[in-house]
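Student: I would like to go through the labels used for this model and see what each one rests on. Please set the values against the definitions.

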Amino acid sequence: MRGLPRVLSEQRQATKLRLELAIPAELECFAGHFPQHPILPGVVQLAWAVHFASERFGCAPAYQQMAGIKFQRVIGPDQHLALELDLDADSKELAFRYTDADGVYSSGRLRLADV
């Protein structure tokens with residue numbers, strides 16, 4: 001996938017994963033969204049969660065349903081965040097959270113597609 005953040009560190013326990021991410025200003029997802037105040041689009045946050053779950057857990061690289069999605073704080077360029085993933089393989093549900101020391105930026109659950 002083009003336009004991924006840099007993974008600074010990774011911790012994994014079975015179906016739980018925590019990635020420390022650096023989000024460079026040069027990512028193309030910031031271009032035009034918005035020129036005076038760039039923010040990381042919500043759809044990109046979802047795509048990154050699915051990408052890393054697919055890559056690290058070997059699950060489907062797509063989702064078919066969203067639940068409890070909350071975008072609480074704006075993510076901008078040059079931030080360092082943690083992405084926490086928790087996969088329930090039986091229900092094919094992926095829970096995600098983007099956080100830093102100050103709190104949660106976004107969270108939710110995705111029902112992964114059968115691919």
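Student: What covers the buried residues of helix 1?

Tutor: The cover includes strand 1 (6-13), strand 2, strand 3, strand 4, strand 5 and strand 6 (103-112). Helices (H or I, at least four residues) and strands (E, at least two) are DSSP runs, numbered from the N terminus. This is a predicted model, in which local features need pLDDT of at least 70 and side-chain atom pairs count only at pLDDT 80 or more, while totals for chains, interfaces and linings use all residues. Residues are numbered from 1 along each chain as its sequence is written, and side-chain values use heavy atoms, with hydrogens and water left out.

Student: Why is helix 1 called largely enclosed?

Tutor: Because 12 of its 16 residues are buried, helix 1 is largely enclosed by the rest of the structure. Buried means under 20% relative accessible area, exposed over 50%, and partly exposed in between (1.4 Å probe, protein chains only). Among the buried residues are Trp48, Phe52 and Phe57.

Student: How do you know that the span of helix 1 is close to the expected one?

Tutor: Helix 1 (residues 42-57) has 16 residues and reaches 22 Å from first C-alpha to last, against an expected 22 Å. The expected span is 1.5 Å times one less than the number of residues. Glycine 58 follows helix 1, with a positive phi near 75°.

Student: What makes the pair of aspartate 86 and lysine 16 a salt bridge?

Tutor: The closest N and O atoms of aspartate 86 and lysine 16 are 2.8 Å apart. A salt bridge is a side-chain nitrogen of Lys or Arg within 4 Å of a carboxyl oxygen of Asp or Glu, so the pair qualifies. Aspartate 86 lies in strand 4 (residues 79-88) and lysine 16 in strand 2 (residues 16-23), 70 residues apart.

Student: Which residues are linked in a network of salt bridges?

Tutor: The network links Arg18, Glu20, Glu84 and Arg97. Within it, glutamate 84 and arginine 18 meet at 2.6 Å, N to O. Glutamate 84 also stands opposite arginine 97 in strand 5. The structure holds nine salt bridges.

Student: Why is threonine 99 called buried?

Tutor: Threonine 99 has a relative accessible area of 6%, so the label buried applies. Leaving aside neighbours within four places in sequence, threonine 99 is in contact (heavy atoms within 4.5 Å) with residues including Arg18, Leu81 and Tyr105.

Student: What makes strand 4 and strand 5 a pair?

Tutor: Seven bridges join these two antiparallel strands. Two strands pair if DSSP finds at least two bridges between them, so strand 4 and strand 5 count as a pair. Their hairpin has four residues between the strands, and lysine 92 takes a positive phi near 60° there.

Student: How many bridges join strand 5 to strand 6?

Tutor: Eight bridges join strand 5 to strand 6, which run antiparallel. Leucine 94 has leucine 110 in strand 6 as its bridge partner, and a hairpin joins strand 5 to strand 6 through two residues.
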